[in-house]
Amino acid sequence: MKIRIEEIDGNVVATVEGCLDTAAAPEAEKVMDPLNYVEGKDIIIDCTDLEYISSAGLRIFLGILQNAEDRGGHVYIKGLNEKVLATFALTGFNNIFEFI
Amino acid sequence: MSIVERERARYEISIMKEIIIYIRRKLSVRISLWVVLFAALIFNVALGFLFYQSREAVRQEAISHATQILENTALRVESILNSVEVASNNSKWLIQRHPDQPDSMMVYSRSILLNNPDFYNCSIAFEPYHFKNYGRYFSAYTKHVGDSIRTVHGGSDHYQYFYMDWYLMSQLLGHPCWTEPYLDYDVPTNTNEMVTSYSQTLTDKQGKVIGVVNISLSLSWLSQTISAMKPYPNSYSIMIGRGGTYFVHPDTTKISRETIFTQTIETPDTALTSLGYAMQRGEEGMKHMIIDGKESYVFYKPLGQTGCSMAIVCPESDIFSGFDRLRRTIIAIVTVGLLLMLFFFIRIITRELRPLRQLADDAETIASGQFDVELPDFQRIDEIGQLSHSFGNMQQSLVKYIEELKDTTAQKASIESDLRIASDIQMGMLPENFPTKADRDDAQLYATLTPAKEVGGDLFDFYFRDEKLFFCIGDVSGKGVPASLFMAVTRSTFRTVSAQESMPDRIVTTMNKTIADMNKTHMFVTLFVGVLDLPTGRLYYCNAGHNAPLLVGADINELPCNSNIPVGFMPKWKYSLQEAQLSTGTTIFLFTDGLTEAMNADKAQFEMERINEVVVRALANQQQEPRQLISQMTEAVHQFVGDAEQSDDLTMMAIQYIWQQTDLQTQSIVLPNNTQEVPRLNAFVEEVCKTVGLDEMVTMQIKVAVEEAVVNVMRYAYPLGKSGDVTIEAAHNDQRLKFTIIDSGKPFDPTIQSEVDTTLPAKKRSLGGLGIHIIRQNMDSINYERIDNFNVLTLRKNIFNKV
C-alpha cells in the first residue's frame, strides 16, 4: 500500500494505491492524519489504483470526512474502481461522499 | 267388492275426514260435542235404569194381573164344573130313591137343564132292559134347542149308548168322572157339538149299577166363557185335558183333535213340551216362551179335581205395548232435546269466542312485523278480556324490546366487526409462508393455529437468522381478547429479544423479565423456545411450563424438559437450557394443550395417548413430514371431537430437520491473533476462490467478509495482549462455499450486534458495526456456535450459477 499527499490546484490530493486492509490501516491512518487538519481547502482522495478496501479503511475515510465537514470542507473521491465501489455501496458510503 | 262400491267407500272416507278436520278446527263444535255427548251418556244411563226398572214393574204388574185373571177364570170354570157336579149329585140322589119310575126320569132330566141354562145337555141312561116296558134302551135325554128345552128318549139300535165312553168310564173308574171331549151327535136336529161330560154311576139299593147320569158342557161355550176374560187384547186362553187334548183354544179346529204336544212332533219345542208336562202334572206357574213366533208369557193353573189345566197366553208385545210407546216417545224427546242443545251450544260458544278470532287475526298482523295494529277493546272482564289486555301489554313490550334489540344488535355487530379485524391482525402476526424442502435444504416446517373464539391466546413463531431456526410455541392463560393482547405482547417480545440473543434460556429469561415487569393482570404464558442450529442439527431449547414436544425420528420420544415456571409472573426466575442432537429426517412436533384437551360431546379428552397413536400411524405410513403430520393430526382431532364446540385454542407446529449437505474439498490456514496477518488471510481466501472458480467481484466480496470476520475474532475473542490462534477452514460443494473461523478465546457472538443504519448522513454515522454489516451483506449466511470451549463462526456463500 502506498499513500502520497500533495497540493494540486489549491486542493489537497491524497493518492491511495494498493490494498487498504486491516493490516495496512494503522499505517494509512498515520500517513493520512494531516488531512484532518486541512483548512479552507477541499480534499480529493484519488482511489484510481486502490484495489481493495475493508471496514478498517472505510473508517479512516469516514473520520476524514467527518473532520472536513466540521470545518466546512468537502471530501471528493476520485477514480474508484467497480469492485471497491461495491464495498462503498453496501455500507451506504456512496451516499455520504462526493465522487468526481 | 265392485268398483262402484269401492268408489262409494272412498267417498265416504273422504267425507268422514272432512268432518273430522272441521271438528278439529272448530273449538265451539268440539266443546258442544263434548257437552252433548256427556249429557247423552248421563241420559242414557239414567233412562236405561229407568226403563229397566219400569219394565220390571210392568212385567210384575202383568204377571199379577194375568195371574189374577187366571185365578178368576179358574174359579169361574171350577164353579161351572162344580155346578155340574152338584146337579149330578142331586139328581143321582133323587133317581136312586125312585129308580123304577121312567116318567120321573124324564122330569129329572128336564129339570136339571131347566135349573142350569149353561149346561149343554143331560142324559139319564139306564142299563139295557132296566125298564121292561121300554125295551132294550132307556135314556132321558134333554137338550137346549133355541130358547126351549126338549126332552126325548135316546138310544136305538143305531145308537147303543151303553157302549159309549161317557157311559162306561165312571163305571170302570168306580167314581164319577169328567170324560175326554167327544162329539155329541143330536139326531133330531142332526147337529154335532164338541162336549165334555160329567158322568156318575147310578146304583140300586144293592149297589148294582143300573145306569148313568151324564151332564155335558159345550166346549165352544166353555171356550167362549173362558176366553171372555182376557187381560190383554191379543191374549187368549187354552185348556187341556188329562191327555193334553185341547178343550179350549182360540183355534177351534184344534179342540179335541190336537194335543198340546201335536205341534212338537213336527217341530221339536222343549219349552212347549215342558209346559205341556207341567200342565198335565197339575202344576201352577208362569213361563216365558215363544209361541207361534211371538215372545209370550204363559200363565197356567190346574182346574180343581177335573184333571184339566188352563193357561192364559199373553204376547209380550201386548204386555209392553204401552211401555214401549212411552219409551219411544221419551227417547225421541231426549234426542231432539240433545240436538237442540248441540245447536244452541255451538251458536253460543261461537258468539262468545268471536273476539278470540279477531285477536288471532291481530296477532298474525303483529307477527308479520306490523306492531302498530290497534287492538279492539272488548269491554269484558272474563278470561277473554284478560287475554286481550295481556295481548295489548305484550304488543307494547314487543315494540320496546324490538327497539332495544336493534340497538343491541348494532352494538354486537360493531363488536363483532372489531373482533374480526382483531382476528385478522392477530393472524397477520403469525408467519404465513412455511418453508418446504422445495424452498430450503436444511429444515421444513408447518404450523396451524385455530382459535376457539375470534381471537385466541395461542401463539407460534419462527424465523431463520443466519444458519439458525428460531421458533417458539406458547399458550396464554385464558381465552379471548385479553389472552390475544397478551399473546401479541409475547410474540413481539420474542422477536425483539431473540434478535439479540441466540440461546433459548437467555431469550426466555429476558422475555420473562420484560413481560413480568409490565404484567399487572397476573396473566402468564407457557412457552417453548427452541433454536435449531441447522448445519449441526443441534437443538437448544428452553421449556417454560409448556407441553413437552415429541421427537419423531426412527422412533417416537418425548423431548425431556426441565420443570421451568411459565413466563410472566416471576421476573427473577432463571430459566435453564437444554440441548438435543437431531439426526436428519427427525421431526419435532409441538402443540398446545388445546390438542391434548380437545373435548368431544361426552367431555372425553383427546389426550397424549391418541396423539401418540396418530404419530405412530403417520410414521408407519412414512407421513412424518410437517404438513402430512399436522393434517393427519387435524383430521384425527376433528373425527374425535365431532360436532362438539371447540373448547380451547388449538395450535400445532412441526419442524423437520432435513440437512443433507456434504462438503467436498477442505483447505485451512492457522493465523495468530494479529491483524498484521490479514494479507496472508486475504491471499488464502483469494486462492480458495480461484480454486472454486469465482469471478473477481465475488472474490472481492468474500475477501472483505472473511477479513472482517477474522479481524473481529482477533480483536475481541482474546483479552488485550493475550495471544492465540485463529483457524480458518474453507470447504465447498456445488452449492456453497463455506468458511469456518474457529478460536479458543472467550465466548463471543458477533452475530448479535445491532445493525448499522446505512442511510444516515456522515455526521451521524458511527465508526463501529461496519464489519458485521459487510459480512451479512456479502455472504449468504453467518452463524455462530460455541462448541466445546471454541467459538465457531461459519460464513456461507451460495456459489451456484456464479462459477
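**Entry 1: two helices in chain A**

I began with how α1(A) passes α2(A), and found a right-handed crossing. The model I am reading is a predicted one. I then looked up the geometry of the pair: α1 covers residues 25-32 of chain A, α2 covers residues 55-70 of chain A, their axes come within 9 Å, and they cross at roughly 20 degrees. Angles under 35 degrees count as roughly parallel, so I noted α1(A) as roughly parallel to α2(A).

Next I asked which residues make the contact. From α1(A) I listed A:Ala25, A:Ala28, A:Glu29 and A:Met32. From α2(A) I listed A:Ala56, A:Gly57, A:Ile60 and A:Ile64. Sorted by class, the contact of α1(A) with α2(A) has six nonpolar residues, one polar and one charged.

**Entry 2: chain A as a whole**

I stepped back to the whole of chain A. The chain has four helices and five strands, and along the sequence they follow the pattern β-β-α-β-α-β-α-α-β. How much of chain A counts as buried? I noted 39% of its 100 residues. I also looked at contacts with a separation of 6 or more, and in chain A 70% of them come from residues 24 or more positions apart.

**Entry 3: chain B as a whole**

I made the corresponding notes for chain B. Its secondary structure comes to 18 helices and 27 strands. Of its 803 residues, 34% count as buried. Of the contacts in chain B between residues at least 6 apart in sequence, 64% join residues at least 24 apart.

**Entry 4: an open sheet in chain B**

I picked out an open sheet of five strands in chain B, with antiparallel pairing and the order β9-β8-β12-β11-β10. Which strands stand at the edges? They are β9 (246-248) and β10 (285-291) of chain B; each has a single partner strand, so one side of each is left without a neighbour in the sheet. On average, neighbouring strands of this sheet are turned by 30 degrees against each other, with direction ignored.

Strand β8 (residues 236-240) of chain B runs antiparallel to β9(B), and two bridges join them. I found B:Met239 opposite B:Val248, which is in β9(B).

Then I looked for helices against this sheet. Helix α2 (residues 27-97) of chain B packs on the sheet and touches β8, β10, β11 (294-303) and β12 (308-315) of chain B. The direction of this helix makes about 35 degrees with that of β11(B). Helix α7 (residues 270-280) of chain B lies across β8, β10, β11 and β12 of chain B, and runs at about 150 degrees to β10(B).

**Entry 5: one residue, B:Ala125**

Is B:Ala125 buried or exposed? I counted 25 C-beta neighbours inside 10 Å, and 20 or more are needed, so B:Ala125 counts as buried.

I left aside its neighbours within four places in sequence and listed the contacts of B:Ala125: B:Ser139, B:Gly155, B:Tyr161, B:Tyr167, B:Gly211, B:Val212 and B:Asn214. I also noted a separation of 9.4 Å between the C-alpha atoms of B:Ala125 and B:His153, which are 28 residues apart along the chain.

**Entry 6: strand β25 of chain B**

Strand β25 (residues 736-743) of chain B is mostly covered, with six of its eight residues buried. I traced its pairing with two strands. With strand β24 (residues 725-732) of chain B, β25(B) pairs in the antiparallel sense over seven bridges. A hairpin of three residues joins β24(B) to β25(B). Here B:Ala731 has B:Lys738, in β25(B), as its bridge partner.

With strand β27 (residues 790-798) of chain B, β25(B) pairs in the antiparallel sense over eight bridges. The bridge partner of B:Phe739 is B:Leu795 in β27(B).

**Entry 7: where the chains meet**

Last, I looked at the contact between the two chains. It takes 25 residues from chain B and 19 residues from chain A. On the side of chain B that touches chain A, the elements that give two or more residues are α16 (678-692), α17 (696-716) and α18 (770-778) of chain B. Which element gives the most to this side? I found that α17(B) does, with eight residues. By class, this side of chain B divides into 11 nonpolar, nine polar and five charged residues.

Key. Residues numbered from 1 in each chain as written. Chains lettered and ligands numbered in written order. Predicted model: local features only at pLDDT ≥ 70, side-chain atom pairs only at ≥ 80, totals over all residues. Contact = placed C-beta atoms within 7 Å. Nonpolar A, V, L, I, M, F, W, Y, C, P; charged D, E, K, R; others polar. Axes fitted to C-alpha atoms, helices over the stretch in contact; angles between N-to-C directions. Parallel < 35°, antiparallel > 145°, perpendicular 65-115°, else oblique. Left-handed = near helix turned anticlockwise from the far one by under 90°. Pairing = 2+ DSSP bridges. Buried ≥ 20, exposed ≤ 12 C-beta atoms within 10 Å, placed from the backbone.
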